[in-house]
Amino acid sequence: MCFVSQLRRRKGWRNMAERYEIRLAGLGGQGLLLAGLLLAEAAAIHEGKHAVQTQSYAPYARGGASASEVIISDKEIDYPRAQRPDIVVVLSQEAYDKYFRDLRNDGMLIVDSSTVEHIDTSKAYFYETYMVPLTEMARQATGREMTASMVALGVIAGLTDIVSQESLMAAITTRAPKGTADINKRAVQAGIDAANKLREGVVEE
Amino acid sequence: MSGERFLQGNEACAEGALAAGARFFAGYPITPSSEIGEILSRRLPRVGGKFIQMEDEMSSLAAVIGASLGGLKALTATSGPGFSLMQENLGFAAAAEIPCVIVEVQRAGPSTGQPTSPSQGDVMQARWGTHGDHPIIVLAPSSVREFFNLTVRAFNLSEKYRTPVIVLADEVIAHMREKIALPAPGEIEVFDRMKPTVPPEWYFPFDDTTEVPPLASFGQGYRFNVTGVYHDKAGFPTMRPDEIEPWFERIFAKIEHHLDDIVEVEREMMEDAEIALVAYGASARSARSAMHAAREKDLKVGLVKLKTLWPFAEAAIDRVARKVGRIIVPEMNRGQVRLEVERVVAGRARVLGVNRYDGEIISPAQILSAIEE
């Protein structure tokens, strides 16, 4: 059983903006880096925009709060980190606690409802907030929890015009580690499907 | 490997090393520089090169020095703690005039510090970390593209001037990814060291009658001594002041007489500037953002980006000092380059540091508030 829901949708997502800042936050080992890389690659190589991807992470390979940030812009990008992110995806409670507070007031918060238990609903109402069981969906779509970040990319591509679904799939084809393209595409597709349901106003599957 | 790609700074550095003709890497992995060795461990053998993971950083630079004496363009890559261990051999390479490239990706220090956090705390270490007066060249990239370019340039300068060259990057530039179109082979200038043309019995590897004596490769029939002890023109130890002084003068002159070739800065919006930002590495990116934000508020701010940190860009800073009333030096340390700027400005303009040393990148907002003060 998968629930996707929207706590609040503000009047309009800022489509066609000149610059977008996206932060994918979670734990080391959740595939955040690859997801950020593929999102940026889709924009930079397949859509000809400027893009910069950075990461902040704990010094261990797995566990520890970490984040992958992507800036996509029509102009040259100097400062490479997000200052007021447009989108924050949180894949763990620690990431939620640490990484969403500087989200723009009209930004989008995507919460992995299968891993984040406590969210501040008073805060959530300031943003366009989606509760999506990213990890559970990843498990169902690919059998691998670490593709949750890829499901999140699908949700982003389905809900916004930051990158096209075609560019994202093309980036996966050319850049995903050998032998993982199909799995990653399945995860992204699961995210796109969830986004379509959210757009149609279906909140329960 | 050409065409547009989306690469990490460390990947671009490895590509730059290969493009410059590097065929030897010895190193000991350390965050945030490890990807450079990892990539070269795969790529070097495919082009006939050698990769060795050594037991520590001391032996790493020693192996690089040996490989260079054998005629290969050689590099190592490390971060602050490993760079500390390399200081002895760095001095040896400077004294024995052995071309080599050391890529140092700075992380938060001192000591173990914070391996995955950025810093620019090793500027002075890169200049004076090894003991004794010695010449050194240090370059600082501020983008993925520049990390490629400056790695190529580091090899060219080291070959041209027979000197170790340090590429002083930081965690931000090393780990960030950007779009870069790698030049095709043949599109970039590559300089190879001068080899002796005289017969072996006439060869002096430390001949003081020329600025940069040609360097024979070991195993090519030229037998000579290499030592860190003060040496004569043949490379054997000497205590004669009349041999030591000319040697000392020459190893400095070969750098100081070619500052136009070595020292590289980029000026932006300096024509009408009343406030100048002097920045390098990741801080230069934040400074550029701050400059644009200030210009939108009609504040006349320009940027002087240092791509060569050592020798210090005295002529460029002198020019700035004559022009503006205020100079702001943003750095992710407690003001190492600011000291140099103050030395050159010598009171002709106000010099202010904007500093951050908490493991995070200096922000445009922090620099902008110093501009607006």
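**Exercise 1. Across the chains**

Find the residue that stands opposite A:Val52 in strand 9 of chain B.

*Solution.* 
Step 1. Work in the predicted model.
Step 2. Look at the strands themselves. Strand 3 of chain A and strand 9 of chain B (residues 177-182) are joined by two bridges. The two strands run antiparallel.

**Exercise 2. The side of chain A that touches chain B**

Work out how many residues of each chain are in contact, and which elements of chain A supply them.

*Solution.* 
Step 1. Count the contacts. On chain A, 17 residues are in contact with chain B, and 17 residues of chain B take part.
Step 2. Assign elements on the chain A side. Helix 1 (32-44) and strand 3 (50-56) each supply at least two residues.
Step 3. Find the largest share. Strand 3 of chain A gives it, with five residues.
Step 4. Sort this side of chain A by residue class. There are 11 nonpolar residues, three polar and three charged.

**Exercise 3. A residue in helix 1**

Decide whether A:Leu38 is buried or exposed, and list the residues it touches.

*Solution.* 
Step 1. A:Leu38 belongs to helix 1 of chain A.
Step 2. Count neighbours. A:Leu38 has 29 C-beta neighbours inside 10 Å. The cut-off for buried is 20 or more. A:Leu38 therefore counts as buried.
Step 3. List the contacts, leaving out residues up to four places away in sequence. A:Leu38 touches A:Leu153, A:Leu168, A:Ala171, A:Ile172, A:Arg175 and A:Ala176.
Step 4. A:Leu38 and A:Ala170 are 132 residues apart in sequence. From C-alpha to C-alpha, A:Leu38 and A:Ala170 are 9.3 Å apart.

**Exercise 4. Two domains of chain B**

Describe how domain 1 of chain B meets domain 2 of chain B, starting from the residues in contact.

*Solution.* 
Step 1. In chain B, domain 1 covers 3-182 and domain 2 covers 264-372.
Step 2. Take the spacing. The C-alpha centres of these two domains of chain B lie 26 Å apart.
Step 3. Count the contacts. Domain 1 of chain B brings 25 residues, and domain 2 of chain B brings 20.
Step 4. Name the elements of domain 1 that give two or more residues to this side. They are strand 6 (114-118), helix 5 (123-128), strand 7 (137-139), helix 6 (144-161), strand 8 (164-170) and helix 7 (171-175) of chain B.
Step 5. Find the largest share. Helix 5 of chain B gives four residues.
Step 6. Sort this side of domain 1 of chain B by class. The residues divide into 16 nonpolar, six polar and three charged.

Notes. Residues numbered from 1 in each chain as written. Chains lettered and ligands numbered in written order. Predicted model: local features only at pLDDT ≥ 70, side-chain atom pairs only at ≥ 80, totals over all residues. Contact = placed C-beta atoms within 7 Å. Nonpolar A, V, L, I, M, F, W, Y, C, P; charged D, E, K, R; others polar. Pairing = 2+ DSSP bridges. Buried ≥ 20, exposed ≤ 12 C-beta atoms within 10 Å, placed from the backbone. Domains from an automatic or database assignment.
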